[in-house]
Amino acid sequence: MTSRFIVRRAGEADPAVPAGWAAHSKGFSRWSVVDETTVAVHTGFGVCALEPGGKVAAHLHSYEESVFLLEGEVLLASGEGSFLLRAGDYALLPVGLPHAWSNRGGATARWADMLAPQPRERFGGDTEFVPPLPTEALEPLHVDVRDPRFRSFGHIEPSNMDPGRQTQDQLAVSASMRTALLVYSGISVKMMVDSDLGADLSTMFMVQYEPRGVAGSHDHPLEETYMILEGEVDASFDGERHRLVAGDVAWAGVGCVHGFSNPADRPVRWLETQAPQPPGRYSYRFTRDWDYLHQALGTQRRDSEGG
């Protein structure tokens, strides 16, 4: 049976210049973790890097792009202005929005990107390069999501995931209406890019598990990607167990039964994405619920971890 999940280690990273981008970029590379060469059908996920003095010429996509700055600073110019993104900033780039990247700083900038629907190599990666944008010459604005001009941006800090620090003066400032931190079973979830931010095809959010935090086995009618940012987590995908650490990326497809637990004495935090966006109901199918029903009916199920 074809595997319904992917696990890629940080040490496997093989960044390269995307096909067709060499003539339109300088100092740019991308580690394509989830793409059409894998079993995924809805998700494109990767880690981008732009060296000091580097740039990517103005272009647009036939897919929705969400980005989260991992380190460094990068300038994003679009039809809506020129913006300086720093570590912890995130942004939504809608389908068809012309934009360009540049790095005027002294350190390499790195960001994770989520692309949906999945880019197609046979259509040039679903990317078109366009003439330079007038905003590229403007002095960039620092991301300030309280400013209406930043309606497609947000910012999150590790401290915003701490359930004990959700006081008014320490709440995560977000351009999305979903500013609350969802906390359950030692798990904290903070929405970032979602329908309230203007996304139509995907979501991006932050997850944190406290020591001994556990999510029981379940699956979804959508694809999920997980990039570990700090700590470590024990993950199970269709009964196969993996210890994931910072820099590792995993992906679970539709119907892949998965679960997580934190084996360490410190929190584990990761960036998570979904495509397509979850339905209004039944986005989770917990194994325990259906096992309960089968037990009540006096029937037997196959191994719950193996599907």
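In β12, Phe153 is the bridge partner of Ala91. This is a predicted model. Ala91 lies in β7, on one side of the strand together with Asp89 and Leu93. Strand β7 spans residues 89–93 and strand β12 spans residues 153–155. Three bridges join the two strands, which run antiparallel.

β7 also pairs with strand β4, residues 64–71. Here four bridges form the link, and these strands too run antiparallel.

## Burial of β7

How many of the five residues of β7 are buried? Five of the five are, and the strand is mostly covered. Both faces are covered. Asp89, Ala91 and Leu93 are buried on one side. Tyr90 and Leu92 are buried on the other.

## Nonpolar core

The largest nonpolar core holds 28 residues. Those with the most contacts inside it are Phe45, Phe68, Met192, Met227 and Leu271.

## Cysteines

A disulfide is a covalent bond between the sulfur atoms of two cysteines. A search of the whole structure finds zero disulfides.

Is Cys48 buried or exposed? Cys48 counts as buried because its relative accessibility is 2%, and buried means under 20%. Cys256 is buried as well, with a relative accessible area of 0%.

Methods:
Residues numbered from 1 in each chain as written. Predicted model: local features only at pLDDT ≥ 70, side-chain atom pairs only at ≥ 80, totals over all residues. Heavy atoms only, no water. Buried < 20%, exposed > 50% of the residue type's maximum accessible area, 1.4 Å probe, protein only. Pairing = 2+ DSSP bridges. Disulfide = S-S within 2.5 Å. Core = buried A, V, L, I, M, F, W, Y, C linked by side-chain atoms within 4.5 Å.
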